Amino acid sequence: QVQLVESGGGLVQAGGSLRLSCAASGSITRIATMGWYRQAPGNQRELVATIARDGSTNGADSVKGRFTISRDTKSTVYLQMNDLKPEDTAVYYCYARVLSDNLVWTGYWGQGTQVTVSS
């Protein structure tokens, strides 16, 4: 089994910053893409940013220039969020595409961490 443990959410005023962290552990042979998605009340889950094993990144237009995704080991991913806006308020979920010990690729999700931005 694989676990993704997130941390770093909270309440911040508009213009402030937060840093989310996500660490993967368990029966892992290899991790390909890791990333962050978010879901606001009444909305579908949407992509925030992803980072591949080679460090290449992809991000939503709404966060470009404000959010930065990084990966300091092959199993830990961060999301630095600057200049936060009230519309960034959502539950943020970590995602990882994992090759498990039995050599099966599977996508895993973290439990989610709440980010609330007050105006």
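1. Two strands are said to pair if DSSP finds at least two bridges between them. Strands (E, at least two residues) and helices (H or I, at least four residues) are DSSP runs, numbered from the N terminus. This is a predicted model, in which local features need pLDDT of at least 70, side-chain atom pairs count only at pLDDT 80 or more, and totals for chains, interfaces and linings use all residues. Residues are numbered from 1 along each chain as its sequence is written, and side-chain values use heavy atoms, with hydrogens and water left out.

2. Strands β9 (residues 90-100) and β10 (residues 105-109) form an antiparallel pair with five bridges. Val98 has Thr106 in β10 as its bridge partner. Four residues lie between the two strands of this hairpin, and Leu103 in the turn has a positive phi of about 65°.

3. Thr50 belongs to strand β5 (residues 46-51). With a relative accessible area of 13%, Thr50 is buried (buried means under 20%, exposed over 50%, partly exposed in between, for a 1.4 Å probe and protein chains only). Leaving aside residues up to four places away in sequence, Thr50 touches Thr33, Met34, Gly35, Tyr37, Ser56, Thr57, Asn58 and Ile69; contact means heavy atoms within 4.5 Å.

4. Asn82 is placed in the loop between β8 (76-81) and β9. Its relative accessible area is 31%, so Asn82 is partly exposed. Residues touched by Asn82, not counting those up to four places away in sequence, are Gly16, Ser17, Arg66 and Phe67.

5. Asp54 and Asn82 are 28 residues apart along the chain, and their C-alpha atoms are separated by 24 Å.
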